[in-house]
Amino acid sequence: MDVISGLGANLGTLSSTLLGYVIPFLFVLTLVVFFHELGHFWVARRAGVRVVTFSLGFGPEIAGFNDRHGTRWRIAAVPLGGYVRFFGDEDAASTPDSARLSQMTATERNESFFYKPVAWRAAIVAAGPIANFLLAIAIFAIVFMVFGKQVTAPRVDQINPGSAAEIAGFKPGDLVLEIDGAKVDSFSDMQRIVGSHAGQPLAFTVARGDREVTLTATPELKEVKDPFGNSHRTGLLGISRSLAAGDVTTQRFGPVEAIGMGAQETWFVVARTFDYLGGLVAGRESADQLGGPIRIAQVSGQVATFGIGALLSLAAVLSVSIGLLNLFPIPLLDGGHLLFYAFEAIRGRPLSARTQDIGFRIGLALVLMLMIFATWNDVLHIAAM
């Protein structure tokens, strides 16, 4: 009976893990990948390119169908990405099939991605990342319209002894109006600015009673843990927010305003990513913050406990990240293809097949190294919890 009970408990734990982590992870990743590939697909169709395959995932096909244009829509066994394969491609990375290209008829060349003008090829490649950014804006807008945004007034409640805020002269009850001339509407606005400016002096305009006071504070770089125990490095002042009645409200927005706010949220993720990369180069940030599929799955499961609104917001952030990553000028990624097309537009002819092949090999090596490094970080992160 003990063996049976133990087996039942293990199966229950496995089921709980599946529901809590794997399903939210697949939902988030599939949504983001689908729209990325849909961007490539949609523009390719507009350009008259024949799309051979639209695949969610890699490896053996689990299910699929052919549409009236002859495209094979498929779901594959390894759900960690996807691809669109065009007529004339040798593989999922859009490597040209030289032997096949040289034997094409005039009609087939007209349907081939390789023989389209460089402007069309660039548009098709860029459409994937652009679709990711548009998806993020749309998701953020839906969240703001349906679930609203909780806004906490940027009012100081308590100040930690010896903190940057105490040194700067902050007092309980201070209401932050501006930081370095930028208007602050909520405590989260203040956290974002402070969090990305560790070690940099900031000028705060605060309302204190019936007068305005200007204070200069330098946020300290500290490691903090979120509600799930994940560690993050961020700039801190050492103050807590006010949760008094009237200081916390939930606001819902109309479509136009929500789309504008969605665009602002998307830009914030882009800017914060570049801030992090700049800090990484300058030595202010640590590379252990880079995460891979395991970290994404873990965070997806954790965020899902807050509800569908939080999970959708995570999907929007991931969509921006994937769109931005794909624009990096690394061969094999969309940005690498765009780099080759830029050389082609300048030279008036494509780079040689050998040069492109070497570039793709280097790109593959870089991507694999990044994946291994990110996965190693994930393992260390889990081990340290």
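**A helix pair and its surroundings**

Mentor: The axes of α4 and α9 come within 8 Å and cross at roughly 160°. Axes here are lines fitted to C-alpha atoms, for helices over the stretch in contact, with angles from 0 to 180 degrees between N-to-C directions. The two helices are therefore roughly antiparallel (an angle over 145 degrees). This is a predicted model, in which local features need pLDDT of at least 70 and side-chain atom pairs count only at pLDDT 80 or more, while totals for chains, interfaces and linings use all residues. Residues are numbered from 1 along each chain as its sequence is written, and side-chain values use heavy atoms, leaving out hydrogens and water.

Helices are DSSP runs of H or I with at least four residues, strands runs of E with at least two, numbered from the N terminus. Among the α4 residues that meet α9 are Pro129, Phe133 and Ile139; the α9 side includes Leu312, Val320 and Asn326. Contact means heavy atoms within 4.5 Å.

Asn326 belongs to α9 (residues 308-326). Asn326 is buried, at a relative accessible area of 14%, where buried means under 20% (1.4 Å probe, protein chains only). Beyond neighbours within four places in sequence, Asn326 contacts His36, Pro129, Leu333, Asp334 and Gly335.

The largest nonpolar core has 43 residues; such a core is a set of buried Ala, Val, Leu, Ile, Met, Phe, Trp, Tyr and Cys residues joined through side-chain atoms within 4.5 Å. Both α4 (118-146) and α9 are among the elements that each supply at least two residues of this core, and α4 gives the most, with eleven.

Notes: Buried means under 20% relative accessible area, exposed over 50%, partly exposed in between (1.4 Å probe, protein chains only). Angles under 35 degrees count as roughly parallel, over 145 as roughly antiparallel, 65 to 115 as roughly perpendicular and the rest as oblique.
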